[in-house]
Amino acid sequence: MTATQRWKFHDPTEVQFGRGIRETLAELAASFGSRPILVTDAGLVGLPIIDDLRGLLPDGTPVFAEVEPNPTVQMVDALAELIREVEADVLVAAGGGSSLDCAKAAGSVSQQDGPARAYHSGSATLDDRHLPLIAVPTTAGTGSEVTPISVLDDPEKGVKAPMTHANFFPVVALVDPELTMSMPPEVTASTGFDALAHAVEGYWSRNHNPISDALALEAAGLVFDHLPRALEDGSDVRAREGMSTAALMAGMAFHAPKNAAVHACSFPLSATYHLPHGTACAITLDHFMRYNAPAMGARGKRLARAAGFPNMDAMADTFGAMKARSGLPTRLSHVGIAEEDIDALVEASFHPLMDNNPREVTPEELAGIYRRML
Ligand SMILES: [Fe+2]
């Protein structure tokens with residue numbers, strides 16, 4: 001980097017980390033408000049980890065458990081309505097990235113006049129009013145607990161895109177690796193690969209900065225050190241701890257520089273082909289590791305070495321093998337994409353994040369990458 005480059009790094013979220021740290025939730029929530037709402041994934045409600053967290057909050061705490069994967073602006077509006085109805089003053093979001101993202105947006109939208117869509121794809125802007133959010137991740141991947149980003153889908157308008165606002169930073173990330181132990185292997189894989197994609201993309205983004213770089217290098221190493229073991233034995237708490245740390249650091253690594261080609265391509269793969277976010281990132285990640293390597297030079301070597309490899313191609317090989325072993329799709333044809341779908345997929349992949357990619361991607365080159373992945 002040159003001396004004339006300017007950059008900014010800001011992460012106001014307090015991190016509280018450790019096995020069993022969830023037990024401090026009662027006191028923590030009470031320090032921000034007396035009328036909490038617990039926000040969680042529809043698929044988690046009723047599980048012991050959520051019952052335990054609910055038991056730590058005051059009796060009668062409302063639970064909003066309508067968050068599905070790829071949360072929508074309509075879910076945000078439904079949560080915003082509940083917030084207004086019960087006059088909630090603090091949000092506790094416990095779940096994967098979907099619950100955290102939905103709560104981030106609803107914590108602000110509930111205090112404004114317009115519906116979520118007006119701020120997501122319309123021209124309305126959020127003012128400073130928002131509720132404090134305590135983020136309690138039950139997966140290790142999105143890093144949403146330390147980012148100001150909420151990825152929302154608007155199925156009626158066909159828009160899936162990230163929404164970013166300084167108000168969306170959780171006030172505290174309460175990260176208890178024990179909460180991730182109930183994840184089945186396919187979720188461990190998908191979310192773990194998302195963490196790796198954040199580390200790699202934060203690092204190779206054209207807008208990278210030295211602090212994000214340091215976080216990204218450490219996070220990438222942690223994923224390769226701990227994800228294989230977490231996949232092999234989900235009850236290995238040290239592996240889970242390593243992955244919770246990796247996800248957290250990778251989240252901090254990408255939110256300032258922003259992601260690049262892998263995430264740009266993930267949006268249509270999720271919106272049109274319904275792949276979970278991490279799976280949609282993983283499917284192209286090794287291909288872009290190879291594509292970007294020539295443009296990265298010594299920086300690419302530095303990333304590969306931090307992750308334990310001599311070069312980016314070796315990292316891509318190991319990642320590809322890990323993906324295949326995990327049972328996640330490795331080819332576009334595995335998810336029902338055929339030659340005739342490629343042109344539309346290419347067109348939908350040119351989200352602005354594509355401009356952050358260290359090597360320019362043209363529609364022709366992307367079509368070539370997708371064809372080789374069929
Ligand atoms: Fe991601």
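**Reading residues, salt bridges and a domain interface**

A: We may begin with S108, which is found in helix α4 (residues 97-109). Please keep in mind throughout that this is a predicted model.

Q: Is S108 buried or exposed?

A: The general idea is a cut-off: a residue counts as buried when its relative accessible area is under 20%. The relative accessible area of S108 is 0%, so S108 is buried.

Q: Which residues are in contact with S108, leaving aside its neighbours within four places in sequence?

A: The contacts of S108 are L126, R129, H130, N167 and F168.

Q: Where is S205 found, and is S205 buried or exposed?

A: S205 is placed in the loop between α6 (185-204) and α7 (210-232). With a relative accessible area of 1%, S205 is buried.

Q: What does the side chain of S205 reach?

A: The side chain of S205 reaches the backbone oxygen of P257, at 2.8 Å. Once neighbours within four places in sequence are left aside, S205 is in contact with P257, K258 and N356.

Q: How is A295 to be read, as buried or partly exposed?

A: A295, a residue of helix α10, has a relative accessible area of 42% and is therefore partly exposed. Beyond its neighbours within four places in sequence, A295 is in contact with P358 and R359. A295 and W204 are 91 residues apart in sequence, and their C-alpha atoms are 9.7 Å apart in space.

Q: What should I look for in a salt bridge, and how many salt bridges does the rule count?

A: Side chains of opposite charge can pair when their charged atoms come close. In this model the count comes to 15 salt bridges.

Q: Which residue forms a salt bridge with E232, and how are the two placed in helix α7?

A: The side chains of E232 and R229 meet in a salt bridge, at 2.9 Å from N to O. The two are three residues apart in helix α7, so about one helical turn separates them. E232 counts as exposed at 64% relative accessibility, whereas R229, at 34%, counts as partly exposed.

Q: Which residues are linked with R229 and E232 in a network of salt bridges?

A: D233 and D236 are linked with R229 and E232 in that network.

Q: Which parts does the salt bridge of R290 and D317 tie together?

A: The side chains of R290 and D317 meet at 3.0 Å, N to O. R290 lies in helix α10 (residues 277-306) and D317 in helix α11 (residues 312-326), so the pair ties together parts that are 27 residues apart in sequence. Both partners are read as partly exposed: R290 at 36% relative accessibility, and D317 with a relative accessible area of 46%.

Q: Where do E241 and R19 lie in the chain?

A: E241 forms a salt bridge with R19, and the closest N and O atoms are 3.0 Å apart. This pair links distant parts of the chain, 222 residues apart: E241 is in helix α8 (residues 237-254), and R19 is in the loop between β1 and α1 (25-30). E241 is partly exposed, with a relative accessible area of 22%. R19 also counts as partly exposed, at 40% relative accessibility.

Q: What area is buried between domain 1 and domain 2?

A: About 2000 Å² is buried between them, and carbon and sulfur atoms give 70% of this area. On the side of domain 1, R19, A140 and K160 lose the most area to domain 2, together 27% of what that side buries.

Q: How many salt bridges and residue pairs in polar contact are found between domain 1 and domain 2?

A: The rule finds one salt bridge across the interface, and the count of residue pairs in polar contact is two.

Note on methods. Residues are numbered from 1 along each chain as its sequence is written. This is a predicted model: local features need pLDDT of at least 70, side-chain atom pairs count only at pLDDT 80 or more; totals for chains, interfaces and linings use all residues. Side-chain values use heavy atoms; hydrogens and water are left out. Buried area is the accessible area (1.4 Å probe) that two parts lose on being put together, summed over both. A salt bridge is a side-chain nitrogen of Lys or Arg within 4 Å of a carboxyl oxygen of Asp or Glu. A polar contact is a pair of N or O atoms within 3.5 Å; within protein, one must be able to donate a hydrogen and the other to accept it, and residues adjacent in sequence count only if both atoms are side-chain atoms. Helices (H or I, at least four residues) and strands (E, at least two) are DSSP runs, numbered from the N terminus. Buried means under 20% relative accessible area, exposed over 50%, partly exposed in between (1.4 Å probe, protein chains only). Contact means heavy atoms within 4.5 Å.
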